[in-house]
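Open the model in your viewer and keep a selection panel at hand.

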Amino acid sequence: MLSLTVMALTFGVVFLAELPDKTALAGLVLGTRYRASYVFVGVAAAFALHVTLAVAAGSVLTLLPQQLVHALTGVLFLGGAAMLLLKHDDGEEEVRKPRDQSFWKVSGAGFMLILVAEFGDLTQIMTANLAARYDDPLSVGLGAVLALWSVAGIGIVGGKALMKRVPLGLITKIAALLMLGLGLWSLWEAVSG
């Protein structure tokens, strides 16, 4: 039986934890380049898979070596920051759409980005803990997936709206600096943990 209390509690905890996380940033970046609905389908599918794994695993995910997870996350963020900062800009301020805007290509890119970036993430571990604590996988799973989808939607829509007011070059530099900060923070957690 579905518990609205457990679902609401899970939604609130996961939403607040994920809002300042890399998901909103990833959604923002993808939302500036690709069709929002295609991006959302891929991202939503990846989050559904993550929540399913977290709920199924229960508290087992908390046993993952956090230092390894932080180190890998840090390296991925630093690589992403380097790619953004080293990207050659020919002075054009308009968004140049990638050539292949097909549903499968865009959705697949969103799916793979979130699948890799969110594995072992705090919200996945929190979801596993909540599933183990309340022994209500359906309520926890629904609350978590709705929270993650909400954050992704905010990021994707925010990316489209932001592009109308702020030049792409500035957005790219800010995103690169955020990724650099997140990468350094993750590496610091790996070393100090």
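How many residues has helix 6, and how far does helix 6 reach from its first C-alpha to its last? Helix 6 has 13 residues and reaches 18 Å. That is close to the 18 Å expected at 1.5 Å a residue, where the expected span is 1.5 Å times one less than the number of residues. Helices here (H or I, at least four residues) and strands (E, at least two) are DSSP runs, numbered from the N terminus.

Some ground rules come next. This is a predicted model, in which local features need pLDDT of at least 70, side-chain atom pairs count only at pLDDT 80 or more, and totals for chains, interfaces and linings use all residues. Residues are numbered from 1 along each chain as its sequence is written, and side-chain values use heavy atoms, with hydrogens and water left out.

**Whole chain**

Zoom out and colour by pLDDT, the predictor's confidence in each residue from 0 to 100. The protein averages 76, and 74% of the residues score at least 70. Select helix 3 (residues 36-57): among the elements it has the highest mean pLDDT, 88. Helix 4 (residues 66-86) has the lowest, 68. Next, select residues 90-96, where the pLDDT is below 50. Beyond near neighbours in sequence, this stretch has 10 contacts in the model; contact means heavy atoms within 4.5 Å.

Switch to cartoon. The secondary structure comes to eight helices and zero strands. Among contacts between residues at least 6 apart in sequence, 95% join residues at least 24 apart. Of the 193 residues, 42% are buried. Buried means under 20% relative accessible area, exposed over 50%, and partly exposed in between (1.4 Å probe, protein chains only).

**Back to helix 6**

Select residues 122-134, which make up helix 6. The buried residues in helix 6 are T123, Q124, I125, M126, T127, A128, L130 and A131. Centre on T127. Is T127 buried or exposed? T127 counts as buried because its relative accessibility is 1%. Leaving aside neighbours within four places in sequence, T127 is in contact with V14, V51, A54, V55, V140 and A144. Then step to D135, which follows helix 6 and has a positive phi, near 50°.

**Start of helix 7**

Select S139, placed in helix 7 (residues 137-163). S139 counts as buried, because its relative accessibility is 0%. Show side chains: a polar contact of 2.7 Å joins those of S139 and D136. A polar contact is a pair of N or O atoms within 3.5 Å; within protein, one must be able to donate a hydrogen and the other to accept it, and residues adjacent in sequence count only if both atoms are side-chain atoms. Outside four places in sequence, S139 is in contact with M1, L2, S3, V6 and M7.

**Aromatic stop**

Rings of Phe, Tyr and Trp (its six-membered ring) pair if their centres lie within 6.5 Å; planes under 30 degrees apart count as stacked, over 60 as edge-to-face and the rest as tilted. By this rule there are five aromatic pairs. Select Y38 and F103: their ring centres are 5.2 Å apart and their planes at 85°, so the pair is edge-to-face. Y38 lies in helix 3 and F103 in helix 5 (residues 103-117), so the pair ties together parts that are 65 residues apart in sequence.

F103 is partly exposed at 27% relative accessible area, whereas W104 counts as exposed at 70% relative accessibility. Keep the three selected: Y38, F103 and W104 form one aromatic cluster.
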